[in-house]
Amino acid sequence: MFGDTITAVSTAIGEAGIGIIRVSGDDALEIVSKIFRPKDQERFSSGIGFRIYLGQIFDPSANFLVDEVLVTVMRGPKSFTGEDVIEINCHGGLIAEQSILKLLLKSGARLAEPGEFTKRAFVNGRMDLSQAEAVIDLIRAKTSLSASSALEQLRGRLSEQIKDTRLILLEVIAQIEAAVDFPEEDLEVETTESLRYKLSQVIKLGEKLLNGAQRGKIIRDGLNTAIIGRPNVGKSSLLNALLREDRAIVTDIPGTTRDVIEEYINVRGIPLKLIDTAGIRETQDLVEQLGVDRALIVLGNADLVLFVIEAGRDINEEERLLLSKIPSERLILVVNKIDLSTSLPIKVAAPIFYVSALERVGIEELEEAIVKQVTGDKLADTPVISNVRHIVALENAISKVKEAFESLENGVPPDLISIDIRHAWQLLGEISGDTVGEDILDEIFSRFCIGK
Ligand code: GDP
């Protein structure tokens with residue numbers, strides 16, 4: 001469908017055992033043939049797909065051996081992009097990968113733009129837009145829970161539901177048009193009844209999806225969390241206690257995707273995204289450094305504030321004031337160092353946890369409370385919708401359908417509600433990519449890295 005054949009290194013740059021270079025397009029086989037000497041020339045020349053061929057990459061101009069490689073051939077349309085795709089597994093590290101890439105470019109391929117492989121997969125109908133977006137969610141997932149949520153989306157769980165819902169709306173539109181064409185009296189009563197039923201079905205489906213949206217968004221993007229308290233109350237120690245053995249702080253590497261460093265810790269599959277004002281360290285002594293008002297501004301972005309105080313030591317006026325101003329549903333008070341002192345009685349509306357970060361006492365209960373903050377009481381099902389773009393489109397669509405439903409209830413003739421229904425249908429199409437504009441597509445795919 002696209003004229004040119006694209007290529008890029010698809011693995012991360014750096015020292016590694018292997019690196020993979022992807023080539024996609026009508027001329028993929030021809031281009032790779034110019035620089036690849038397969039061991040079994042006959043088989044490779046036959047172009048049979050879904051096979052791996054051993055051989056050597058050489059520079060044809062100098063007849064110079066570049067690397068020993070494995071070449072995987074995947075013929076379109078049943079490939080990732082829907083076109084002929086070839087993946088060259090070479091040795092990792094800068095030299096081999098870059099040399100092969102250069103040779104491919106010399107042989108007629110063009111360097112792929114960020115996300116262009118996935119964009120081609122979308123444009124060629126291999127996946128819908130929400131699935132394409134799931135590719136990047138999966139790559140960026142911070143915990144196994146966020147990964148499985150992305151995988152569900154990649155496998156089409158959201159796509160299916162959106163497709164079904166749009167289908168109902170299409171039926172509604174068709175029904176309204178038929179009613180306009182044959183405006184017999186009793187047909188209209190029947191039509192109204194059936195329209196009402198279908199619209200209520202759509203509202204129900206939409207609301208079910210939206211119910212899990214907040215949770216889905218947190219699993220995907222992380223829960224903005226601030227750990228604050230005076231110096232030495234044990235904030236770093238608490239962070240370490242929450243990190244424990246198998247959990248590492250995940251840091252987005254600056255420059256690869258966005259130019260910011262974000263730190264996450266994984267608490268039972270929920271990524272806690274640590275609030276970073278100008279470096280995590282600075283936030284830690286927020287109470288000491290800033291006045292209450294300024295602290296509240298910084299904490300404005302927090303979904304959750306873990307406010308740490310020390311057992312056996314009275315809280316000061318500033319802490320008391322700050323505590324009273326943070327909304328209780330976003331606040332968890334952590335009284336640390338209970339191994340040293342009996343806990344002090346303190347009154348706040350928020351949940352209080354007594355812990356010893358040093359001796360790992362009370363940490364499990366605290367984790368449970370954090371998870372509960374996100375999930376409510378139900379952990380079971382992975383939410384289907386998680387991406388803000390999807391959530392907004394769905395919310396708008398459902399509100400249009402609700403307007404239409406109410407109009408119908410108020411006796412407005414069906415043909416007058418069809419504008420709202422069409423609008424809702426179009427909004428849902430933005431999720432699947434059926435009705436999305438080129439500018440939004442460009443914006444989405446520009447967030448990908450080269451090679452994806
Ligand atoms: P931060 O300045 O709030 O980050 O505090 P740190 O985590 O650096 O802890 C300050 C000191 O308190 C360190 O010497 C810790 O070992 C100690 N500490 C932290 N948590 C506990 C605890 O639960 N019990 C005891 N006894 N000491 C603790």
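## Helix α4 and its surroundings

Helix α4 (residues 116–123) is followed by glycine 125, whose phi is positive, near 80°. Helices are DSSP runs of H or I with at least four residues, strands are DSSP runs of E with at least two, and both are numbered from the N terminus. The model is predicted: local features need pLDDT of at least 70 and side-chain atom pairs count only at pLDDT 80 or more, while totals for chains, interfaces and linings use all residues. Residues are numbered from 1 along each chain as its sequence is written, and side-chain values use heavy atoms, with hydrogens and water left out.

Because seven of the eight residues of α4 are buried, this helix is largely enclosed by the rest of the structure. Buried denotes under 20% relative accessible area, exposed over 50%, and partly exposed the range in between, with a 1.4 Å probe and protein chains only. The buried residues of α4 are Glu116, Phe117, Thr118, Lys119, Arg120, Ala121 and Phe122. Their cover includes the strands β1 (6–9), β2 (18–24) and β7 (110–111), together with the helices α5, α17 and α18 (438–446).

Aspartate 128 lies in the loop between α4 and α5 and counts as buried, at 14% relative accessibility. Its side chain is joined to that of serine 130 by a polar contact of 3.0 Å. A polar contact is a pair of N or O atoms within 3.5 Å; within protein, one must be able to donate a hydrogen and the other to accept it, and residues adjacent in sequence count only if both atoms are side-chain atoms. Leaving aside neighbours within four places in sequence, aspartate 128 is in contact (heavy atoms within 4.5 Å) with Phe122, Ser159 and Ser432. Although aspartate 128 and isoleucine 431 are 303 residues apart along the chain, their C-alpha atoms are separated by 8.5 Å.

Serine 432 belongs to helix α17 (residues 414–432) and is buried, with a relative accessible area of 7%. The side chain of serine 432 reaches the backbone oxygen of glycine 429 at 3.3 Å. Not counting residues up to four places away in sequence, serine 432 touches Phe122, Asp128, Leu129, Ser130, Ile162 and Arg166.

## Packing of α5 against α6

The axes of α5 (residues 129–140) and α6 (residues 144–154) come within 8 Å and cross at roughly 155°. This angle makes α5 roughly antiparallel to α6. Axes are lines fitted to C-alpha atoms, for helices over the stretch in contact, and angles run from 0 to 180 degrees between N-to-C directions. Angles under 35 degrees count as roughly parallel, over 145 as roughly antiparallel, 65 to 115 as roughly perpendicular and the rest as oblique.

In α14 (residues 317–325), Glu319, Leu322 and Leu323 are buried. They cover an arc of only 100° around the axis, taken from the directions from the helix axis to the C-beta atoms, which puts them on the same side of α14. The face turned away from this buried side carries the exposed residues Glu317 and Ser324. At the start of α14, a side-chain oxygen of asparagine 316 reaches to within 3.1 Å of the backbone nitrogen of glutamate 318.

## Overall composition

The protein has 18 helices and 14 strands. Of its 452 residues, 48% count as buried.
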